[in-house]
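Subject: A structure for you to look at

Hi there,

Here is the structure I promised to pass on. Please open it beside this email, and my notes on what turned up in it will follow.

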Amino acid sequence: MSVVRSPEETAQILELGEKLRESVLDPMKRAFVGKDEIIDLLGICLVARENLFILGPPGTAKSALVQQLARRMEGKVFDYLLTRFSEPNEIFGPFDIRKLRDGELITNTEGMLPEATFVFLDELLNANSAILNSLLLVLNERIFRRGRETRHLPTLMVVGASNCLPQDEALAALFDRFLLRVRSDNVHQEQLASVLSAGWKLDTSQSDLVAEVTVEDIQRLNSLLSQVDLSGVQPVYVDLVHRLRHVGVAVSDRRAVKLQRILAASALLCGRLVVNRTDMWVLRHIWDREEQQDVLSAIIDDVLREATEEEVATSHPRSQDNDTPDAERLAAELDRISERIETGELPKTDRAYVRDQLGLLAARCQWVRDSQQRTHLETTVNQLLERLGADS
């Protein structure tokens with residue numbers, strides 16, 4: 001049954017999108033260096049109540065990101081490492097012994113997946129046939145079913161992770177339930193010092209977190225999805241799906257329908273109830289194979305270039321960004337190097353290392369879009385190189 005809201009109430013709920021960005025997602029970007037793209041996609045999936053797949057090696061903060069997101073909203077987390085031998089009891093809970101004595105088959109779900117608002121499943125592709133059907137139901141419909149027992153779940157988002165893509169056809173259906181996919185790798189060399197500093201600060205300040213956006217706020221945002229208008233971009237979206245299918249990107253009818261929730265979530269996060277061309281940026285992340293990413297980006301960028309100035313003015317920041325370096329992070333790293341040079345105690349071996357590091361930073365600086373920032377950064381790099389040469 002649709003809910004009729006006053007314009008004032010709708011406007012209040014829309015403001016939660018901006019609040020989510022400013023008080024949850026932006027602070028997380030400062031705490032997790034080099035993970036901006038993943039954090040933006042977590043925000044999209046959270047508002048759309050959809051699932052995200054993260055591809056990457058161990059130790060690249062995949063689980064920590066979900067834990068941190070849940071902590072900032074006082075959500076319940078279920079975090080589990082799947083093995084080929086995982087059984088339903090390990091994920092959904094065992095049968096309640098007390099109920100069993102009365103002849104009832106009721107699952108004791110305390111502390112298990114059915115009670116969590118945030119779910120992180122590591123080594124997702126280890127899922128076996130014993131849990132596969134139950135997982136598909138959770139991912140697709142947010143329902144837990146066991147025998148005669150059926151429960152609607154409070155799950156806002158499921159994040160699956162693996163260090164490889166599925167090779168087994170039996171896992172294709174599971175992978176397909178994760179609408180968006182993204183990589184998580186170790187950061188670039190020039191960002192490592194910033195990672196260490198931010199990681200230390202994060203570890204020592206966990207108790208200071210105060211939830212400014214709650215799970216209930218996200219549920220209110222979810223409820224606005226049905227009011228988002230996609231009619232204006234439907235012809236563009238239909239043409240885009242045809243182009244993607246033509247170049248070999250599998251977009252089934254079911255998937256094309258579900259992706260509209262993702263587009264609507266991007267609009268809500270930007271404070272709009274109308275989807276426009278700029279919201280198509282999220283479709284860069286629907287690849288099945290990594291080599292599809294460049295093709296997807298090229299096609300999506302074609303659509304984004306047709307956006308009007310008015311659409312760009314209210315667009316998601318990620319729609320204007322395609323793996324460009326962060327000028328602020330580069331500047332912070334150059335400041336750190338400058339401080340080391342200023343001490344005058346750099347041994348010769350370290351000087352060679354710092355010179356190489358400045359060379360890497362110079363290569364990254366040339367891709368900064370803002371010409372003023374780019375010129376400033378390149379000038380700073382050259383000054384530091386001259387200083388190194390003068391002191392040697």
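Predicted model: local features only at pLDDT ≥ 70, side-chain atom pairs only at ≥ 80, totals over all residues.

Two strands count as paired if DSSP finds at least two bridges between them.

**A hairpin to start with**

Strand β4 covers residues 143–146 and strand β5 covers residues 149–152; the two pair in the antiparallel sense over four bridges. Arginine 146, in turn, stands opposite glutamate 149 in β5. What do β4 and β5 form together? They form a hairpin, with two residues between the strands. Glycine 147 sits in that turn and has a positive phi of about 60 degrees.

**The open sheet**

Elsewhere you will find an open sheet of five strands, with parallel pairing and the order β2-β3-β6-β1-β7. Its edge strands are β2 (77–81) and β7 (180–183), each of which pairs on one side only. From one strand to the next, the twist averages 15 degrees.

Within this sheet, have a look at β1 (residues 52–55) and β6 (residues 157–162), which pair in the parallel sense over four bridges. Here leucine 55 stands opposite serine 162 in β6.

**Two helix pairs**

Two packed helices are described by the angle between their axes and the distance between the axes.

Take helix α1 (residues 7–31) and helix α3 (residues 62–71): they pack at an angle of about 145 degrees, and their axes are 10 Å apart. The crossing of α1 past α3 is right-handed. Which residues make the contact between α1 and α3? From α1 come Val24, Leu25 and Met28, and from α3 come Leu65, Gln68 and Leu69. Sorted by class, that contact has five nonpolar residues, one polar and no charged.

The other pair is helix α10 (residues 234–246) with helix α12 (residues 293–305), packed at an angle of about 160 degrees with axes 11 Å apart. Angles over 145 degrees count as roughly antiparallel, so α10 and α12 are roughly antiparallel to each other. α10 also passes α12 in a right-handed crossing. On the α10 side, Val236, Leu240, Arg243 and Leu244 take part, and they meet Leu296, Ile299, Ile300, Asp302 and Val303 in α12. This contact of α10 with α12 has seven nonpolar residues, two charged and no polar.

**The chain as a whole**

Stepping back, the protein chain has 16 helices and seven strands. Its radius of gyration is 23 Å, close to the 21 Å that the globule rule gives for 392 residues, so the chain is as compact as a globular protein of that length. Along its principal axes, the C-alpha trace spans about 85 × 50 × 45 Å.

Key: Residues numbered from 1 in each chain as written. Heavy atoms only, no water. Axes fitted to C-alpha atoms, helices over the stretch in contact; angles between N-to-C directions. Parallel < 35°, antiparallel > 145°, perpendicular 65-115°, else oblique. Left-handed = near helix turned anticlockwise from the far one by under 90°. Contact = heavy atoms within 4.5 Å. Nonpolar A, V, L, I, M, F, W, Y, C, P; charged D, E, K, R; others polar. Rg over C-alpha atoms; globule rule 2.2 N^0.38 Å.
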